[in-house]
Amino acid sequence: MEGIIAGLIGAGLLAAWLLPKLRLRRALARPLAPELVAILERNLAQYARMDEGQQRRLRRLVQQFLHEKAFVGCAGLEVTDEMRVTIAAQACMLVLGRTGDASPANLYPSLHAVLVYPGAFLVPRREVDAAGVVTEQRQDLLGESWGDGRVILSWDHVRRAGADEPESHNVVLHEFAHQLDSESGSTNGAPYLGSTERYRSWSEVLSRNYAALRRDAMWGQRGVLDHYGASSPAEFFAVATESFFEQPWELSARHPDLYEEFLKYFRVDPRDWVAEPQPVFDDPFQHGVVYGQWR
C-alpha cells in the first residue's frame, strides 16, 4: 500500500513538472497571432531592420514571455494586448542574442509578474541618516525591479519611449537590465558572465567608464550616458544598457571599450537596427553670427 501511495505521489510530482513544459511547447508550436505581430512592428523600432532569423526568434521569445509571465494592471489600469506585446518585445530584445535558437529559452527565470501603472507611481521610502533619524517619504517612480520576481512599469513612459519622444527614457530596458544583473546572485552591475576572465575585463572597463560618468555628473558635463547611472554600479549597467540599444552609434563612438564589452555580453549589434545619425552642423545665421569673407 505504501508503495502505491509513493508511486502516486511520484506520478503527481512528475505531472506537475511536465505539464507546464508541455503547455509551453504547445503554445510555441503556434505562430504569434498577426494582430500581435502588427503591435510588435509598430512599437519596436528596431524590429524592422532585424534580419529574418532575428525577427523569427524575437517573435518566439515574445510568445514565450506572454505565456509565462503574468501582467497585472494597477491603479485601475486595464492591461491590453498593446501593453503586453510592447513590454514583452522590449524585454525580449535584451536576450535576443543570448538565447540562441533554443526553444523554449531560459527567459527571465526569476520573473513572475509585470505590474503596470497608468503613469508614475508612488512608493514609500524610509531613510536613516548618520544620526539614526528615520525619515518616511514617498517617491515618484517610472519603474522598479524587485528581487521577488516582479517588475513594475509606468505605461505612459513605456509608450513614450516606444514613440521615440525626445528626452524619453526606456524604462523597460532599464528595469529588465536589473533583472539580468540579478542573475549572478546580486545586483551590482556585473551580470552572469560565465568565466573569471570575462569578469576581469568587465570590471576593468565598466569601473573606468563608471568613474568617468561620476566625474561628468559632478561637473555637469552631458554625454550619451544619463547621469543617473552615476548613482551606483547597478544603475550604471542599466543606464548603459539603455544607451546600447537606443543610441548604439553614439555609445560606440564615445565609449568604444564599453560598447565592445556589451557586444560580447548581449551578442547582438544594435547598430545593425538603427540608422547611423548624420552629423549636425550649426547654422551660424541662426545665432546671428556671420563670418566675413577672406579678402
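Two strands are said to pair if DSSP finds at least two bridges between them. The legends below describe close-up views of a predicted model.

**View 1. Parallel pairing of β2 with β6 and β1.** By that criterion, β2 and β6 pair in the parallel sense, with five bridges between them. Within this pair, alanine 113 lies opposite arginine 150 of β6. Strand β1 is likewise paired with β2 in the parallel sense, here over four bridges. Alanine 70 faces alanine 113 of β2. Strand β2 spans residues 113-117, and four of its five residues are buried.

**View 2. The four-stranded open sheet.** The strands follow the order β1-β2-β6-β5, and their pairing is mixed. The edges are formed by β1 (70-73) and β5 (143-145), each of which has a single partner strand, so one side of each lacks a neighbour in the sheet. From one strand to the next, the twist averages 20 degrees.

**View 3. The antiparallel pair β5 and β6.** Strand β5 and strand β6 (residues 150-154) run antiparallel and are joined by three bridges. Serine 145 has valine 151 of β6 as its bridge partner.

**View 4. The two sides of helix α2.** Helix α2 covers residues 34-43, and its buried residues are Leu36, Val37, Ile39, Leu40 and Asn43. Viewed down the axis of α2, these buried residues fall within an arc of 155 degrees, so they line one face of the helix. Pro34 and Glu35, on the other side of α2, are exposed.

**View 5. The largest nonpolar core.** This core has 68 residues, of which Phe65, Tyr108, Phe176 and Phe266 touch the most other members. The greatest contribution comes from helix α4 (residues 81-93), which supplies eight residues. In soluble globular proteins, nonpolar side chains tend to be buried together.

**View 6. The surroundings of phenylalanine 176.** When neighbours within four places in sequence are set aside, phenylalanine 176 contacts Phe65, Ile87, Ala91, Leu94, Tyr108, Leu111, Val114 and Val151. Phe65 and Tyr108 are, together with Phe176 itself, among the core residues that touch the most other members. Val151 is also the bridge partner of serine 145.

**View 7. The chain as context for the close-ups.** Ten helices and six strands make up the secondary structure elements of the chain. Of its 295 residues, 41% count as buried. The accessible surface comes to about 16,900 Å², and 53% of this area belongs to carbon and sulfur atoms. Among contacts in the chain with a separation of 6 or more, 63% involve residues 24 or more positions apart.

Definitions and conventions: Residues are numbered from 1 along each chain as its sequence is written. This is a predicted model: local features need pLDDT of at least 70, side-chain atom pairs count only at pLDDT 80 or more; totals for chains, interfaces and linings use all residues. Side-chain values use heavy atoms; hydrogens and water are left out. Buried means under 20% relative accessible area, exposed over 50%, partly exposed in between (1.4 Å probe, protein chains only). Contact means heavy atoms within 4.5 Å. Accessible areas come from the Shrake-Rupley method with a 1.4 Å probe; for residues, only the protein chains shown count as cover. Axes are lines fitted to C-alpha atoms, for helices over the stretch in contact, and angles run from 0 to 180 degrees between N-to-C directions. The arc is that of the directions from the helix axis to the C-beta atoms. A nonpolar core is a set of buried Ala, Val, Leu, Ile, Met, Phe, Trp, Tyr and Cys residues joined through side-chain atoms within 4.5 Å.
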